[in-house]
Amino acid sequence: MMPLSIAANFTRPRMGRRLAVLTVSIIAIGICVAVFKTVGFGTDPCSTFTLGVSARTGVSFGTCQLVFNLLMFLPVIRFDLSRIGVGTVANMAGVGYVADFCMRLIGQHTPPEGFSMAARVLMFAVSMAAFLIFAAFYMVVDLGVAPYDAIPQLIAARTNRVSARAVRMLWDIAILSLGFLLGSTVGLTTLITGFCLGPAIAFVSDRVKSWFE
């Protein structure tokens with residue numbers, strides 16, 4: 001029998017609305033990651049690592065993202081089933097492959113000389129705003145978190161000496177450093193997603209949480 005802690009994530013109020021917003025959010029996040037990769041100003045810490053693995057192994061970004069999340073999924077299953085939901089699976093299997101598709105599509109329409117700096121800055125600004133908004137919506141629908149996000153939550157819940165925010169920062173820095181060592185670009189996108197995602201989630205949650213109650 002499915003544990004109640006998992007079942008609760010599949011039986012929340014306004015599930016139709018939650019699932020619709022979740023689907024749009026996953027697709028939008030994948031598109032934004034593809035744009036981040038194209039403009040070359042870095043990506044979020046998790047994508048920085050998996051893009052590095054992809055570049056070194058020749059395996060697609062989507063598959064590297066899926067495998068990485070599957071590995072992190074194991075301790076989540078072991079220690080806290082309440083964090084698992086349809087949103088967990090959607091993030092694991094959706095974001096990377098949406099990004100793969102969009103990177104191929106963008107590549108087909110990229111000028112031979114590449115995009116101008118002005119175009120890259122504009123693409124970056126639009127995709128960054130969209131990423132923060134839709135990542136916040138992904139969290140607000142509360143249908144389970146990605147394994148990457150669950151790991152620092154699990155660590156923070158089991159230590160009293162370090163704050164949850166500090167644990168998350170250390171986790172992101174560790175994964176980001178591995179991605180950098182693998183050859184991924186670390187830049188403005190990385191800094192903004194690292195420092196602004198938390199406030200963006202709080203901002204969006206305060207305004208739309210009632211939509212899902």
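User: Leaving aside its neighbours within four places in sequence, which residues is Thr-50 in contact with?

Analyst: Happy to start there, with one reminder: this is a predicted model. Contact here means heavy atoms within 4.5 Å. By that test, and setting aside neighbours within four places in sequence, Thr-50 touches Phe-61, Cys-64, Gln-65 and Phe-68.

User: Where does Thr-50 lie, and is Thr-50 buried or exposed?

Analyst: Thr-50 is part of helix H3. To read burial, look at relative accessible area: under 20% is buried. Thr-50 has 1% relative accessibility, so Thr-50 counts as buried. Its side chain also reaches the backbone oxygen of Ser-47, at 3.4 Å.

User: How do I read the way H3 and H4 cross?

Analyst: Look at how close the two axes come and at the angle between them. For H3 (residues 45-57) and H4 (residues 61-79), the axes come within 9 Å and cross at roughly 120°. That angle makes H3 oblique to H4. As for handedness, the crossing of H3 past H4 is right-handed.

User: Which residues of H3 and H4 meet?

Analyst: From H3 come Cys-46, Ser-47, Phe-49, Thr-50, Leu-51, Val-53, Ser-54 and Thr-57, and they meet Phe-61, Cys-64, Gln-65 and Phe-68 of H4. Sorted by type, the residues of this contact are seven nonpolar, five polar and no charged.

User: Ser-54 is in that list. Is Ser-54 buried or exposed, and what is Ser-54 in contact with?

Analyst: Ser-54 also lies in helix H3. Its relative accessible area is 14%, so Ser-54 is buried. Leaving aside neighbours within four places in sequence, Ser-54 is in contact with Val-59, Ser-60, Phe-61 and Cys-64. There is a polar detail too: a polar atom of the Ser-54 side chain lies 3.4 Å from the backbone nitrogen of Phe-61.

User: How far apart are Ser-54 and Val-208 in sequence and in space?

Analyst: They are 154 residues apart in sequence, and their C-alpha atoms are 36 Å apart in space.

User: At what angle do H3 and H8 pack?

Analyst: H3 and helix H8 (residues 164-181) pack at about 25°, with axes 8 Å apart. Angles under 35 degrees count as roughly parallel, and that is how H3 runs relative to H8. H3 passes H8 in a left-handed crossing. On the H3 side the contact is made by Pro-45, Cys-46, Thr-48, Phe-49 and Arg-56, and on the H8 side by Asp-172, Ile-175, Leu-176, Leu-178, Gly-179, Phe-180 and Leu-181. These residues divide into eight nonpolar, two polar and two charged.

User: How do H4 and H7 pack?

Analyst: The same way of reading works. The angle between H4 and helix H7 (residues 147-157) is about 40°, and their axes are 8 Å apart. That makes H4 oblique to H7, and the crossing of H4 past H7 is left-handed. Phe-68, Asn-69, Met-72, Phe-73, Pro-75, Val-76 and Phe-79 in H4 meet Pro-147, Tyr-148, Ala-150, Ile-151 and Leu-154 in H7. By type, the contact has eleven nonpolar residues, one polar and no charged.

User: What is the phi of Asp-142, and where is the place of Asp-142?

Analyst: As background, most residues other than glycine have a negative phi. Asp-142 has a positive phi of about 55°, although Asp-142 is not a glycine. Asp-142 sits in the loop between helix H6 (117-140) and H7. With 38% relative accessibility, Asp-142 counts as partly exposed.

Methods. Residues numbered from 1 in each chain as written. Predicted model: local features only at pLDDT ≥ 70, side-chain atom pairs only at ≥ 80, totals over all residues. Heavy atoms only, no water. Axes fitted to C-alpha atoms, helices over the stretch in contact; angles between N-to-C directions. Helix = DSSP H or I, 4+ residues; strand = E, 2+ residues; numbered from the N terminus. Parallel < 35°, antiparallel > 145°, perpendicular 65-115°, else oblique. Left-handed = near helix turned anticlockwise from the far one by under 90°. Nonpolar A, V, L, I, M, F, W, Y, C, P; charged D, E, K, R; others polar. Buried < 20%, exposed > 50% of the residue type's maximum accessible area, 1.4 Å probe, protein only. Polar contact = N/O pair within 3.5 Å; in protein donor to acceptor, adjacent residues only side chain to side chain.
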